[in-house]
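Please have the model open as you read.

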Amino acid sequence: MPAYHSSFLNPPRVLGNMALLPIRTQYKGPAPNCDDKDIIDEAIYFFKANIFFRSYEIKTEADRTLIYLTLYISECLRKLQKCTSRAQGVKEMQSLAISKFEIPGEAGFPLNSMYIKPSDRQEEDMMRNFLQQLRQETGLRLADKVFDPATDKPSKWWMCFARRKFMDKSLKEPTF
């Protein structure tokens, strides 16, 4: 069975070789706003299926955005595993979203072989702002999905994926 790919085929703009897609968000950034289903909804929806794949055939620039979000969701679940309430989870997601992170072309980025470095400083800044916008919105939506509103506890059906690695990669470098 093949992995699930993004349905966003014609991105309005490409940064490096990663699609800058419209997202439904409350956070400021370079991504245009939309009212429909967006790449974050798609990444969360396909996460549980795609996490089992060790390889992923990239068909469009939007697939690279989907890969990044899948890896970021894995990092989020690792953080949410330690949280006892939704409020604590939202706080952790906000701090993770704004923490320092690598972008394609930088030494610590785990998928440099699949991503092209931004062409100039302006594109680099736009990519960093877009990824931060994605991280902020993804963390908020994931906290809503993971925590049960009735019990305010994390769902075991999401937490069981916290230790899995998509494509045997992680956005965070291992610390020794």
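Predicted model: local features only at pLDDT ≥ 70, side-chain atom pairs only at ≥ 80, totals over all residues.

Residues are numbered from 1 along each chain as its sequence is written, and side-chain values use heavy atoms, with hydrogens and water left out.

**Salt bridges**
- The structure holds 11 salt bridges (a side-chain nitrogen of Lys or Arg within 4 Å of a carboxyl oxygen of Asp or Glu).
- R141 pairs with E137, with the closest N and O atoms 3.0 Å apart. Both R141 and E137 are buried (buried is under 20% relative accessible area, exposed over 50%, partly exposed in between; 1.4 Å probe, protein chains only).
- R141 and E137 also belong to a network of salt bridges with R24, D38 and D41.
- R78 bridges to E75 at 3.4 Å, N to O. The two sit about one helical turn from each other, because they are three residues apart in helix α2 (helices are DSSP runs of H or I, at least four residues, numbered from the N terminus).
- R78 is partly exposed at 22% relative accessible area, while E75 is buried at 8%.
- R121 bridges to D125 at 3.9 Å, N to O. They are four residues apart in helix α4 (residues 121-146), so about one helical turn separates them.
- R121 is exposed at 56%; D125 is partly exposed at 34%.

**Buried residues**
- R64 lies in helix α2. R64 is buried but has no salt bridge, and its nearest side chain of opposite charge, E61, is 5.5 Å away (Lys and Arg count as positive, Asp and Glu as negative; His and the chain ends are not counted).
- Not counting residues up to four places away in sequence, R64 touches N17, M18, I58, M114 and Y115 (contact means heavy atoms within 4.5 Å).
- G89 lies in helix α3 (residues 86-98) and is buried, with a relative accessible area of 0%.
- Leaving aside neighbours within four places in sequence, G89 contacts L80, C83 and F147.

**Largest pocket**
- The pocket holds about 190 Å³ of space (on a 1 Å grid over the protein atoms alone, a pocket is an open set of points where a 1.4 Å probe fits, with protein on both sides within 12 Å along at least five of seven lines; lining residues have an atom within 4 Å of a point).
- Its lining has 13 residues, with K100, F101, E102, L171 and K172 nearest the centre.
- Helix α2 (residues 61-80) gives the most to this lining, with three residues.

Terms used
Points joined across faces, edges and corners; volume = space filled by probe spheres on them.
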